[in-house]
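The following explanation is intended to be read alongside the sequence and the coordinates. Please keep both in view.

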Amino acid sequence: MSKAASIPESSPQGGGEHAVSVATLRPASTGSASAPALAPRNIGIFAALRHARYILGENAVTGFAFALFLVIVLAALLGPYLVPYDPLASDTVAALKSPSVAHWFGTDQLGRDVFSRVVVATRLDFFIAIASVALVFLMGGLAGVAAGFFGGWTDRLVGRVADTIMAFPLFVLAMGIVAALGNTVENVVLATAIVNFPLYARIARAEANVRREAGFVLAARLSGNSEMRILLAHVLPNIMPIMVVQMSLTMGYAILNAAGLSFIGLGVRPPTAEWGIMVAEGAAFMVSGEWWIAFFPGAALMVAVFCFNLLGDGLRDIVDPQRRT
Amino acid sequence: MSDTVPLLEVADLTVEFSTRRGVVRAVEHVDVRVAKGETVGIVGESGSGKSVTSYAVMRILDRAGRIAQGAVRFTGLDVRAASEDQMRDLRGREMSMIFQNPRAALNPIRKIGRQIEDVLEQHSQADSSMLTDRAIEMLDQVRIARPRERYHAYPFELSGGMCQRVVIALALACRPQLLIADEPTTGLDVTTQKTVMDLVVELTRQRGMSTILITHDLGLAATYCDRVIVMEKGRVVESAPSRDIFTAPAHPYTRKLMRATPRPGVSLRDLLPQDESDAAHDSLHRHARPRAEHPRLSSHSEAVDVRANGERRSGHDGVGGATLVFPSSGGTSTAPLLVVEKLVKEYPRKRPGGPLAKIFARQPAPEPDTFRAVDGISFAVARGESVGLVGESGCGKSTTSTMVMRLIDKSDGVIMFDGEDIGAIPAKSFAKLPLRKRIQMVFQDPTDSLNPRFTAARAIADPILRLGRRRGAVRARCEALARQVGLPLDLLEDLLENSPAWRQAQRVTHAPRMEFSGRPLTPLHKGHVGLLCTAGSLNGKFGRGRDRHVAYWESVKVIDKTEEEDGETVVIRERERFSQRLTLLYADGRIALLSEKPRGKSDENEAAHGKCPPQNGEAHVCAADS
Amino acid sequence: MLRMIAKRMLIAVPSLVGVVIVTFLLTRALPGDPAAYFAGPAATKEAIEQIRVKLGLDQPLYLQFIRYVGDLAGGDLGNSLTTGQSVAHEIKTRLPASAELTLLGLMVSMAIAVPLGIVAATRPNSLVDHLCRVISTAGVSLPVFFTGLILIYVFYYLLGWAPAPLGRLDVFFSPPPHVTGFYLIDSLIAGEGEVFAASLKQLVLPAITLGIFALAPIARMTRASMLAVLASDFVRTARASGLAPLTVVVTYAFRNAMLPVVTTLGMVFSFLLGANVLVEKVFAWPGIGSFAVEALIASDFAPLQGFVLTMAVMYVALNLLIDVLYGVIDPRVRIEA
């Protein structure tokens, strides 16, 4: 039913009062409301957190992934202080011992405690992942957004660069870059970032492009906003959720990439503790039955990547449920 | 209506869907009866359950849906108890369905002829040697030209209207007894709508088929159906012969629908949701205007005169000019607020083959290198006047309005606003001028005009913030605007994308001095019309939908367009009861011009019934689809 | 149709140009003295100077580039320090080994992933569906070298079913006469059944490793694509017309669903070619991947450059093939208005 109410209102043109009837329609659809109570509440960060907690609670898997993520972060931050053994200390007497109470993950060929090394390696791998993702977000995200929003030469240039990178199998290109620039961890980070650049640029560009002609951008122009302000205040916040999802997914890939490179001897050198190189060192012993040297770092790799992927999927569900696969 | 056993009998049907929020009843205790040869219309708003009912009849409900209660009997057979094999037999052969959005309804990578053959083959309607011939025959029956050639076509090579004919061919190939048409004309251009409906009617009558026409358009139902069933929120509220429905609607909901259906003599303001205390008849009669008031509409020849007045161009893509055959519109003697003269917009035409092709081409190009989207249109809008720009898709109306809004630059012509030549100001710089806030636009898709990550409050406030006001004042202004527009205050804080009433979004776009409406709503139903007018109460603007019934303007300009590829030249006259006020003439795509006096500002009924007078000093132009 | 193919080939040209430029820059971008890198770690100062002149590294950059392109056109990829052989020759000899492995791995993955995805989509929330989803999510998390090692441990060390991961053939057998370089095909051609069986045995574990790696993205894409297509309007029409379920799933749904899967193959190949390197290291497979890895360890740069170039060119060619295949399947692309 509609009800009419008269509200004395001063007109925007300052032309005095006149009565305007307002008809209130009933809500459009019953039973579809997703948000709970409609009481005015703080907007912004609190609402976002509340919403996130609601979703995490709903979806056990995402909650689990998040918990795991926290464990990994803790291990990265506090690991080196909490491990029982010095990850670099070798003890040839205790070499090649299978897992036991003294050595949870056993010892490797140099008598180093595998458990300690795996935990300590978390920091390095995590750092590599974060650094690569941050770098590629800056490079690719900004380039893509500019390309999508401004079009023209920017678009063409970014497109060319991305296409050239994409013409290579990505891991092979990463190999080439690290080999050419020098065998260091920094170059591994750089190589991973370069290799992921097209993906980010393309996503950012697509999103910016879609929004470039979107109604609200047009409306913002109508309100008198300059292009830059539209880009920063209107378009960028719209893109952030999708970029964050992508970043989470890429963290997993970045770790795998770095581990793969160190498996073939690029980036990290012995005796540094890093999951990939530990698997490489343990590979030879797999064949002769000392499985634990390669197994635990490999499993740690798997768990970390799995966690990031789950987190990324969960974030995507929060942010944009329509993209679920 | 015969007394024999009905072809289709639906009794006490209840359909449930299991959703994340529990079990939802989409359809409750619905009765439908269709006799042999009868055409029944099911009319309702979206969400009324009309489509679900037909899906239940054919048993093609979603996985999440099920028939919870009731019976469905088709030629005596119990549909609910039938096995899936039996149903598959029935589908396509005894009962078939055509849907909205015909191009999407066809397999995009399969030739249309083969698709028809698939159906024929499935139901063993012909020997394998005859399949192709039968398919071509069907294509011919649905009036597709050159059927032998078109047999090999893919859906993307055909126009929307042709695709719908192919869908009809698929549905009728095995000569079923019952055809269910689910919104078959929504989404098609107006000319095509009529041809498609006429085709359906002809073919079904020829074969003595029964038809169920599902639509939101009461007018359509009245024209083509023997009986009409009105559904609201999953229930049947009224079921009667179509004449009775329209002359004496019994149920209040039906009356509401009726009032919301535009017809001659009724202005858009009447289409507002009324208080129930109003007698439906009263409002109809009070606002019906005798045709004598509008001499321009008195005859078909009038429109022809108009046509003769204007310039004529023959078939090229581009837009013919409409001269200002113009009515003394309206009461105001002051200078018009907006004057547009010989406005032109050209776009460079993309040549296939790239720049080199031009150099190496053996003959000069047959068409000019530029494409004229708008070709010399002129019109004026007085203060307080509403003007509608009407035309089919592609005729240039949106381009025109975008130019007047100064979002894009014109190629030629003059745009004067309140005495200033705003056409000369480049679009880029216009944003910063104070003039900007005097000309605003309401967009077609409310969900698109609004940044989904903003809250409603922020969205309303954004332009105000831009123009520099204090925070407290901004908040108060937001609330004032929200109230004016009928937006519940507590929704202000919700992120728009989470808001349950996304449709309320239409109200959020606020209104300053001059407005363009670019198709704000597709005609979902009267609720929307009401919504329009609520916003209209602010500034007297209104929009239009694709439904040609909805346009209701005070004066209309002509825009030329070339016609559709498969469209014959169609002349749509004013129909008996439900065509709209405008006479639309589609000879070579021109539309007749007409106008009426704008309403006076003080209508004694306005306050009581919530009409929308134009406010002081405002004017509006609306771009519409015929 | 031919026009479409020609068009696609034209589009591939800028990619090739980009590849050549990048591989050129890679070795010229080495920090320090490129000549020293090419001469090797053990070179004397004179040797370095010799190499510098020989390779033209004292010339301006654009001249070097022209020379580089000229060399490439003549099939000269430089020489390997460690073996002394021409890189081009090495790559040519080793390529079939990698190709055989990769192709077999791809076949394995598609044979499992595609049916899995289809069944998962047609039976939502069933066991198969859950299995598919788990595999898709977990599969992308598995490091390929780890999988290989686990497989070796289980199937060779524990169960003894698989042979020792020592290369393409057990020492007791000699390779079949060379026709394609693919041992499986060549041995069949030569009628050497035992050699065929032996080659197959060696191929099983590495191919499965690669297959598992490619399984996840293909299964995920197939499932998602099928789900989308099954929910589409034209499938609804097909059902409403009473078409048999098999027709609906195969003729109407599957063919349309495969389009995005074909497009995904391009990305899958990118991963596969990279994973190839890792798998070859784990299984001591004598392909171009292990060739590159050995060169890396020895700081031998010419083979590395040749490797990157070859892989990239192969990848461009593969993408071209996929594009053409897509055009064949999808008339909307084929029929250019």
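This is a predicted model: local features need pLDDT of at least 70, side-chain atom pairs count only at pLDDT 80 or more; totals for chains, interfaces and linings use all residues.

Residues are numbered from 1 along each chain as its sequence is written, while chains are lettered from A and ligands numbered from 1 in the order in which they are written. The model scores ipTM 0.88 and pTM 0.69.

Strand β8 of chain B spans residues 210-215; strands (E, at least two residues) and helices (H or I, at least four) are DSSP runs, numbered from the N terminus. Because six of its six residues are buried, β8(B) is largely enclosed by the rest of the structure. Buried here denotes 20 or more other C-beta atoms, placed from the backbone, within 10 Å of a residue's own. In a regular strand, side chains alternate between the two sheet faces. In β8(B), B:S210, B:I212 and B:I214 lie on one side, with B:T211, B:L213 and B:T215 on the other.

Two strands pair with β8(B) (at least two DSSP bridges): β3 (residues 39-43) of chain B does so in the parallel sense over five bridges, and β7 (residues 178-182) of chain B likewise in the parallel sense over five bridges. B:V40 stands opposite B:I212, and B:L178 opposite B:S210.

B:S51, in helix α1 (residues 50-58) of chain B, is buried because 21 other C-beta atoms lie within 10 Å. B:S51 touches B:D182 and B:I214 (C-beta atoms within 7 Å), not counting residues up to four places away in sequence.

Finally, the contact between chains B and C takes 26 residues from chain B and 17 residues from chain C.

Key: A residue is buried if 20 or more other C-beta atoms lie within 10 Å of its own, exposed if 12 or fewer, and partly exposed in between; C-beta atoms are placed from the backbone. Two residues are in contact if their C-beta atoms, placed from the backbone, lie within 7 Å.
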